[in-house]
Amino acid sequence: MLSAFAALLCVTALLAFVNERWVRLPTTVGVTLAGALASLVLIGLDRLGLPGLRGWATEVLQTLDFTTFVLNGILSVLLFAGALSLDTRQMLRQRGSILTLALFSTLISTALIGFAAYGVFRLVGLEVPLMWALLFGALISPTDPVAVLDLLKRAKVPAKIETLIAGESLFNDGVGVVVFLALASAAGLGGHGSGGDGASQTTTAGVLALFAQEALGGLAFGALLGGLGYLLVRSIEQHAVEVLITLALVVGGYVAAAALGVSGPLAMVVAGLMISLWRDQVFGDHTREHVLGFWETADQVLNILLFAFIGLDVLLTDVSGPLLLASALLIALSLGARWLSVALPFALVRAREGYAAYTVRLLTWGGLRGGIAISLALGLPESPYRTPVVTVTYAVVLFSIAVQGLTVMPVVKKAAAALEGERPVPSPPPS
């Protein structure tokens, strides 16, 4: 395991250096594309009769296990760090729109993409059951907070739009994982690598109970972790110990959430937001910079590792004519479903909270998918239906990062201009 991680670390550092020195794309996009290109080169060399390198690289990736690396590894750190970097007070002011989108958009998108995928798979001659198609809908519907937060840091969008996009992404990630687990339980697939105990609850009441336990339990446990962190950190003024406490809170809390059967992603988001809310009280002036700097650096480094891993995972992806056609169709349908699933619930909050009309387009095109979707797909048990789901998931994620991630800036600028144009012009003072 250590040798495999060392290999990934060295390859990622090389890809990031090449991108930063010569290519100059946004780092996460650059390392993803470089990793995918490197994988294609290894596949080509293998077909030309040089099998050694591809076999070695495949062994490294399989040893690390993408699902374990993300869901049971770095995800807790990334979600906590992302939440810690946000303005919790601003998010509380926009809580209605954020929670409306996180819940209803994810549920609507899961249904739309699930039924669309069922039809597409049958159209291309792949007999994938409806429940597996819905599982694909659940894992691909949430926007990945890791990818989205990296986008927002580069985009410099207005604070109101940034908070909306980041907040929705952080919470719909947790909701999406819970929906995925509930559907997997209904399908009799159990935990399958996502932290569950393998138990199956196929009744409607059992599925709803699992959803409530995971979601509500995760929120409550996150609040408990945040409160505990506040009590511990506020009484000391040593940045190394404060970093250690917050790190233990994240890693230990995530493991405890899995043991308790509650949503670890939601718990990490809530804990991070609570520490962010109180950071001026819990961290002294001379320690705050050290602690926040540690989490920002950890977030950036793990981001780069994750996206390099996504690119390199091309080596593990099966490709065929029907799968390529299904992937192309579902990329377009996933975008359409994202737009519809945002536009419908957004209509309930737009007028009340004063968002510009262009915000829906930004939420659609800026709703990137990332490592969490691939992790959930790869965590599915071995089955004749697993390969189509994994391959199509990878295609949607790669399109999202490479195409949407590189072309979203014009949409950001138009959304910002639309918001500025809809602000009321102040009346001149009386003469």
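Modeller: A salt bridge is a side-chain nitrogen of Lys or Arg within 4 Å of a carboxyl oxygen of Asp or Glu. The structure discussed here is a predicted model, and it holds 6 salt bridges. Asp 280, Asp 285 and Arg 288 are linked in a network of such bridges.

Biologist: Why is the pair Arg 288 and Asp 285 called a salt bridge?

Modeller: The closest N and O atoms of Arg 288 and Asp 285 are 3.4 Å apart. The definition asks for a distance within 4 Å, so the pair qualifies.

Biologist: Where do Arg 288 and Asp 285 lie?

Modeller: Both residues lie in helix 14, which covers residues 285-312. They are 3 residues apart, about one turn of the helix.

Biologist: What makes Arg 288 buried or exposed?

Modeller: Arg 288 has a relative accessible area of 18%. Buried means under 20%, so Arg 288 is buried. Asp 285 has 66% relative accessibility. Exposed means over 50%, and Asp 285 therefore counts as exposed.

Biologist: How do you know that Glu 127 forms a salt bridge with Arg 122?

Modeller: Their closest N and O atoms are 3.3 Å apart. This value is within 4 Å, so the pair meets the definition.

Biologist: Why does Glu 127 count as exposed, and why does Arg 122 count as partly exposed?

Modeller: Glu 127 stands at 54% relative accessibility. Exposed means over 50%, so Glu 127 belongs to that class. Arg 122 stands at 44%. That value falls between the limits of 20% and 50%, so Arg 122 is partly exposed.

Biologist: Why are helix 9 and helix 12 called roughly antiparallel?

Modeller: Helix 9 (residues 159-186) and helix 12 (residues 264-277) pack at an angle of about 155 degrees, with their axes 8 Å apart. Angles over 145 degrees count as roughly antiparallel, and the two helices are therefore given that name.

Biologist: Which residues make the contact?

Modeller: Helix 9 contributes Leu 170, Phe 171, Asp 173, Gly 174 and Val 175. Helix 12 contributes Pro 265, Leu 266, Val 269, Val 270 and Leu 273. By class, the contact has 8 nonpolar, 1 polar and 1 charged residues.

Key
Residues are numbered from 1 along each chain as its sequence is written. This is a predicted model: local features need pLDDT of at least 70, side-chain atom pairs count only at pLDDT 80 or more; totals for chains, interfaces and linings use all residues. Side-chain values use heavy atoms; hydrogens and water are left out. Axes are lines fitted to C-alpha atoms, for helices over the stretch in contact, and angles run from 0 to 180 degrees between N-to-C directions. Helices (H or I, at least four residues) and strands (E, at least two) are DSSP runs, numbered from the N terminus. Angles under 35 degrees count as roughly parallel, over 145 as roughly antiparallel, 65 to 115 as roughly perpendicular and the rest as oblique. Contact means heavy atoms within 4.5 Å. Ala, Val, Leu, Ile, Met, Phe, Trp, Tyr, Cys and Pro count as nonpolar, Asp, Glu, Lys and Arg as charged, and the others, Gly among them, as polar. Buried means under 20% relative accessible area, exposed over 50%, partly exposed in between (1.4 Å probe, protein chains only).
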